[in-house]
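Visitor: Hello! Could you walk me through this protein, one question at a time?

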Amino acid sequence: MESTDKDLGRLKTLCRGLFFVLLILTVLVAMVICILVSGVAIEVLEPGTVSDEVGIPHGNLLSLMGFGIVSMSVSLVVLIMMMNISGAIHREYSPFTGKNVKRLEIVALAYLLLPVVVAPMVYSVVGELTAFDVVVLSFASVLLAMVFYCLSLVFRYGCWLQKESDETL
């Protein structure tokens, strides 16, 4: 029992530090999204302003910036969910809560939807995508979605075990 308490204490300490690292990353990603959105706004209001400066055709630049906004938005969602999980683990008695299960499911869903949105954007820039390109774009994202969904199931089981343990005592 003492070893378990030490492990839980280590987990809480690590999650406290992780929370602050994730908070900094969240702020940085949000700033990048703001920069990309303002770049799109400038390019839409005054075509050629940004695209001429960076040397990328207007339509391709807007597609690339849109791709960046979508990718960074998914990253932002993942960071916020992971920050909330690490904060909850630090503050609460047990990491196995229904809220953490939902947060992990949201991360899995975000990664699952990412290739659905990204593939058309890449297609608009490249012009054509082969089946291999789509598989490469989708594989990592679907794999991450599966990993996070499995973690959510582990956390759901942990919630059940925690409930059984609490009711037994």
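Predicted model: local features only at pLDDT ≥ 70, side-chain atom pairs only at ≥ 80, totals over all residues.

Visitor: Where is S94 placed?
Guide: Residues are numbered from 1 along each chain as its sequence is written, and side-chain values use heavy atoms, with hydrogens and water left out. Helices here are DSSP runs of H or I with at least four residues, numbered from the N terminus. S94 lies in the loop between α3 (58–91) and α4 (98–126).

Visitor: Is S94 buried or exposed?
Guide: Buried means under 20% relative accessible area, exposed over 50%, and partly exposed in between, using a 1.4 Å probe and protein chains only. The relative accessible area of S94 is 8%, so S94 is buried.

Visitor: Which side chain does the side chain of S94 make a polar contact with?
Guide: A polar contact is a pair of N or O atoms within 3.5 Å; within protein, one must be able to donate a hydrogen and the other to accept it, and residues adjacent in sequence count only if both atoms are side-chain atoms. At 3.1 Å, the partner of S94 is the side chain of Q162.

Visitor: Is M31 buried or partly exposed?
Guide: M31 sits in helix α1 (residues 2–45). Its relative accessibility is 46%, so M31 counts as partly exposed.

Visitor: How many helices does the protein have?
Guide: From the N terminus on, the elements run α-α-α-α-α. There are zero strands, and the number of helices is five.

Visitor: What share of the residues is buried?
Guide: The protein has 169 residues. Buried residues make up 34%.

Methods:
Helix = DSSP H or I, 4+ residues; strand = E, 2+ residues; numbered from the N terminus.
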